[in-house]
Amino acid sequence: MYDKLVRITNQIEDSTAILVYADSLRRRTRLARDGSWFALVVFGVVVLVAMIFYHAPELSANSTGCHGSANSFTCTSVWLVHGLFGSGLGSSSPLVDNVSPWATTYWVIAIFVGICSVVAFYWLRSRSSGVVGRIWPFACLATTALALAVASRGWVTIDIPGDFWQRGMQALFVIAIALAILAALERRLSFSIFVAGFFALALLSSLYNVSNLFQDLGIGSNWNGSYQGLPNLILPGLYLLVGGVAFWAVGRRSDRRR
Amino acid sequence: MASDSLASSDESPVKGIDDVVHQRVRLGVLTIVNEARRVEFQFIQETMGLTAGNLSQHVRVLEEAGLVKVTKGSAGRRPRTWVSVTRMGRTALLVEVDSLRSLVERVERSGGSTP
């Protein structure tokens, strides 16, 4: 009986050591494969650059030939957007004040370039580290989400309550979905929680004038007029950018510890 | 005695442990390749601190058991060897890790005393 117990005890100590060892190998491999910080930086820049298209002072519901009533709005002209992609992202409706007609074109091109650059980064990283992850599901599903968002212009103003689209922040949800796909591929809890936080910010930016929050907190001095919509992009944009830098720094520190 | 119940248990605590996988290096290789679509041989070697010959032997055992797949390629002029996990390998790894965890948990539940 004693021999049997000794054998089992040794087996258990061995098992614990093997599990700890396997866990450390798993973390090191994930670290070598992970490029999620880059995606955060890229999409953070995409969101912040979009501010250029969100303070067009000459555009308003009236100036674009549209007027709204309690239940509907009418337009005298349907050619209210420019570029290849029409409306659907950013400027989903002519009632979105201060949003450039080029906003949708910007979002589509910028998000697609962002997806491509993330894939390219993962590819280059895999060549140098020797660990090839699964990045194509991200490319395919994120591009599909973007295409669906563009195609949604036909029904977005009918089936979705106005509060969701009237600030022209739908593109943030496309980015949030793309990051959620990346989080699922990376299987990293901290990154998943961070992406969940971005989903919350995307929802906040769609439903609420973040400029009120900025003014209450004393950030900046004048968020009125054509600048009113900018905080709705500054907050999620900075969140992604700062998060990307933080994830990069943490990864680098872990890498040095090895 | 806490360990008596463990020793006299009907079900062996080492049931489910596969001899091919239940080896420190081979379990390590499977753990690494399970985290990616494919991993370069050199990365495994450097991460585990093994010689090329030693790692080759273990990879061969895993390959013969159908747990990993080895492919040769090149990046520019540099030849590369890639190791990827098979479906069978992924299952074997999960079973092994579950077995090890349940073994440790059983002891912890029964008091964790050692003779």
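Keep in mind that the model is predicted.

Let's start with the core. The largest nonpolar core holds 51 residues. Among those with the most contacts inside it are A:Phe43, A:Ile111, A:Val174 and A:Ile175. Which elements of chain A give two or more residues to this core? They are H2, H3, H4, H7, H8 and H10. H7(A) gives the most, with eleven residues. There is also a second, separate core of 27 residues, and B:Leu30 and B:Val68 are among its members.

Helix H2 covers residues 36-49 of chain A, and helix H7 covers residues 170-186. Their axes are 11 Å apart, at an angle of about 175°. Angles over 145 degrees count as roughly antiparallel, so H2(A) is roughly antiparallel to H7(A). On the H2(A) side, the contact uses A:Ser36, A:Ala39, A:Phe43 and A:Val47. They meet residues of H7(A) including A:Ile175 and A:Leu179. The residues of this contact are seven nonpolar, one polar and one charged.

Next partner: H4(A). The axes of H4(A) and H7(A) come within 9 Å and cross at roughly 160°. These two helices are therefore roughly antiparallel as well. The crossing is right-handed. From H4(A), the contact includes A:Phe138, A:Leu141 and A:Ala145. From H7(A), it includes A:Val174, A:Ala178 and A:Ile181. Count by type, and this contact has 13 nonpolar residues, one polar and no charged.

What does A:Ala176 touch, leaving aside neighbours within four places in sequence? A:Ala176 is in contact with A:Val195, A:Phe198, A:Phe199 and A:Ala202.

How values were computed:
Residues numbered from 1 in each chain as written. Chains lettered and ligands numbered in written order. Predicted model: local features only at pLDDT ≥ 70, side-chain atom pairs only at ≥ 80, totals over all residues. Axes fitted to C-alpha atoms, helices over the stretch in contact; angles between N-to-C directions. Helix = DSSP H or I, 4+ residues; strand = E, 2+ residues; numbered from the N terminus. Parallel < 35°, antiparallel > 145°, perpendicular 65-115°, else oblique. Contact = placed C-beta atoms within 7 Å. Nonpolar A, V, L, I, M, F, W, Y, C, P; charged D, E, K, R; others polar. Core = buried A, V, L, I, M, F, W, Y, C linked by C-beta atoms within 7 Å. Buried ≥ 20, exposed ≤ 12 C-beta atoms within 10 Å, placed from the backbone. Left-handed = near helix turned anticlockwise from the far one by under 90°.
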